[in-house]
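Please read the following points with the model open beside you, and check each of them against the residue concerned.

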Amino acid sequence: VGVVVIGKIATGTLKTGMTLLIEPNHTATTVASIYHDVNPVESLTPGHIAGFNIKNVSINSIKNGYICGEATNDPPKETESFKAHIMVLKKKGTIKVGYCSLFDFHTAHSGCRITSIISKIDKKTKKGLGEHPQEVSAGESAIVTVTPLKRICVEKYKSYPPLGRFSMRDSTEIVGIGVILEVISKVYIPPPPIVPTK
């Protein structure tokens, strides 16, 4: 029977029979059927909420926030780290290298650490204000490098806008917003084959 997954189509077209790659757990599957408002359809386009039946996947291997994409056309990849343009909205004190916060992406949530502050950005000229500042204060924006603390999948904002923006939370308070400029993906290393023993 397979597993029925519900999600919003961010880009591209979901079609019956399409081979998908689910990330960040690197699982390949095939779309057996698609439903829109409980009605079976052959395809759906961006903006629609889709229920789709996928084959050969355990329900325990799929979690909220995972992304699936066409396996043969720019498939998603697990994120190692990313470079982002952030704006600090409100924070007691300042954001420095090593600062950790809860980042809210599309439907994924992950603790993330700012591993470097590349430069601050002038609001008027949009140009850099010196390299590697010590801190970023409320009302300032900067280019930073971010490392997720758990497995996630995100994309560049220019390539896939719905998957390339985020907010930063400290408890329930939003302290910053940002867009992803570049993504460094993890290199997938397949597990070694199981060798039968006598």
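1. Asn 25 is buried because its relative accessible area is 18%, and buried here means under 20%, with exposed meaning over 50% and partly exposed anything in between (1.4 Å probe, protein chains only). Asn 25 belongs to the loop between β3 and β4 (27-36). Although 127 residues separate Asn 25 from Ile 152 in sequence, the two are 9.0 Å apart in space, C-alpha to C-alpha.

2. Please keep in mind that this is a predicted model, in which local features need pLDDT of at least 70 and side-chain atom pairs count only at pLDDT 80 or more, while totals for chains, interfaces and linings use all residues. Residues are numbered from 1 along each chain as its sequence is written, and side-chain values use heavy atoms, with hydrogens and water left out.

3. The protein chain has zero helices and 17 strands, where helices (H or I, at least four residues) and strands (E, at least two) are DSSP runs numbered from the N terminus. Of its 198 residues, 36% count as buried, and its C-alpha atoms fill a box of roughly 55 × 50 × 30 Å, taken along the principal axes.

4. Glu 131, which is found in strand β13 (residues 128-131), counts as exposed because its relative accessibility is 69%. Glu 131 lies 47 Å from Phe 52, C-alpha to C-alpha, and the two are 79 residues apart in sequence.

5. Which residues lie nearest the centre of the largest pocket? They are Lys 8, Ile 9, Ala 10, Ile 67 and Cys 68, out of 37 residues that line this pocket. Two or more lining residues come from each of β1 (3-8), β2 (14-15), β3 (19-23), β7 (49-54) and β8 (67-70). A pocket is an open set of points on a 1 Å grid over the protein atoms alone, where a 1.4 Å probe fits and protein lies on both sides within 12 Å along at least five of seven lines; lining residues have an atom within 4 Å of a point. The lining divides into 20 nonpolar, ten polar and seven charged residues, where Ala, Val, Leu, Ile, Met, Phe, Trp, Tyr, Cys and Pro count as nonpolar, Asp, Glu, Lys and Arg as charged, and the others, Gly among them, as polar.

6. Met 87 sits in strand β9 (residues 79-88), and Met 87 counts as partly exposed because its relative accessibility is 32%.
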